[in-house]
Amino acid sequence: MSETFQILIADDHPLVRGALKQALSTELDNVTLYEAGSLFEAIEQIEAHKGDIDLVLLDLHMPGMNGFTGLFTLRASYPDIPISIVSASQDMPVVRRSIEYGASAFVPKSAPVDQIGLAVKTVLDGGMWMPDWARDAMENGPADDEATNLAEKIGQLTPQQLRVLNMLTEGKLNKQIAYELDVTEATVKAHVSAILRKLSVHSRTQAVIIARELQLQEPAIET
């Protein structure tokens, strides 16, 4: 690969970021690497290098992610930047949902260096990647219609609407949401109305129930 690629490693554990940096530096000839320890820092880095980030390696358990909500937020905010989930989990429901919800790859943190390099190269070339065992399970296992339906609904939300939905899930009132987003309460009410319409529900409670489907049910397991 003669082209220089710029990759953001978003993980809250410095040791994991260091291991990924070493793996990518070994596997890719020309690569510039950036780091982030939270979803907020990841967005800051993407904004600071606007238009230059070619790939984000994303940890699902990083602060600010709130389950898969962070993945949806990045996909909605930066649809042209592919995202590879790098996770300690190898549960098929997590793998399947990661792909259903817009990730271009799912890479176990325990994967060998050459597999990590192959995954990154595949995504940079415009493809999708997951381990063979996960691909076999995806192709031969039952379809997850619920995840597909949820992805279609959540995928309609704008980045700001995703932020509002996230705050609704945290139990915040319109006044609190307006303060944190620096908007009027009328704007928040408009966002909530749009969220209810796009999710095909009639109350904030129903919207929160749907949003909680994006949470990760299994405990974080770090390598």
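Predicted model: local features only at pLDDT ≥ 70, side-chain atom pairs only at ≥ 80, totals over all residues.

Colleague: Which residues of helix α9 are buried?

Modeller: In helix α9, residues 174-181, the buried residues are N174, I177, A178 and L181. Viewed down the axis of α9, they fall within an arc of 100°, so they line one face of the helix.

Colleague: What does the face turned away from the buried side of α9 carry?

Modeller: That face carries the exposed residues K175 and Y179.

Colleague: And what do the buried residues of α9 pack against?

Modeller: They pack against α8, α10 and α11. Just after α9 comes D182, which takes a positive phi of about 60°.

Colleague: You mentioned α10 and α11. At what angle do their axes cross?

Modeller: The axes of α10 (residues 185-199) and α11 (residues 204-211) cross at roughly 65° and come within 10 Å. The crossing is left-handed.

Colleague: Which residues make that contact?

Modeller: From α10 there are V192, I195, L196 and L199, and from α11 there are R204, A207 and I210. By type, the contact of α10 with α11 has six nonpolar residues, one charged and no polar.

Colleague: Let us turn to α7. Where do its buried residues fall, seen down the axis?

Modeller: The buried residues of α7 (residues 145-154) are A147, L150, A151 and I154. They fall within an arc of 105° and therefore line one face of the helix. The face turned away from them carries the exposed D145 and E152.

Colleague: What covers the buried residues of α7?

Modeller: The cover includes α3, α4, α8, α10 and α11.

Colleague: A change of topic: in the largest nonpolar core, which residues touch the most other members?

Modeller: They are L58, Y101 and I154, in a core of 55 residues. Leaving aside residues up to four places away in sequence, L58 touches A10, M65, L71, L74, I83, S84, I85 and V86. Another core, of 20 residues, lies apart from the largest one, and I9, L24, L28 and I116 are among its members.

Colleague: Finally, is A111 buried or exposed?

Modeller: A111 counts as buried, because its relative accessibility is 12%, and the cut-off is under 20%. A111 is placed in the loop between β5 and α5. Its C-alpha is 15 Å from that of K121, and the two residues are ten apart in sequence.

How values were computed
Residues numbered from 1 in each chain as written. Heavy atoms only, no water. Axes fitted to C-alpha atoms, helices over the stretch in contact; angles between N-to-C directions. Helix = DSSP H or I, 4+ residues; strand = E, 2+ residues; numbered from the N terminus. Left-handed = near helix turned anticlockwise from the far one by under 90°. Contact = heavy atoms within 4.5 Å. Nonpolar A, V, L, I, M, F, W, Y, C, P; charged D, E, K, R; others polar. Buried < 20%, exposed > 50% of the residue type's maximum accessible area, 1.4 Å probe, protein only. Arc of directions from axis to C-beta. Core = buried A, V, L, I, M, F, W, Y, C linked by side-chain atoms within 4.5 Å.
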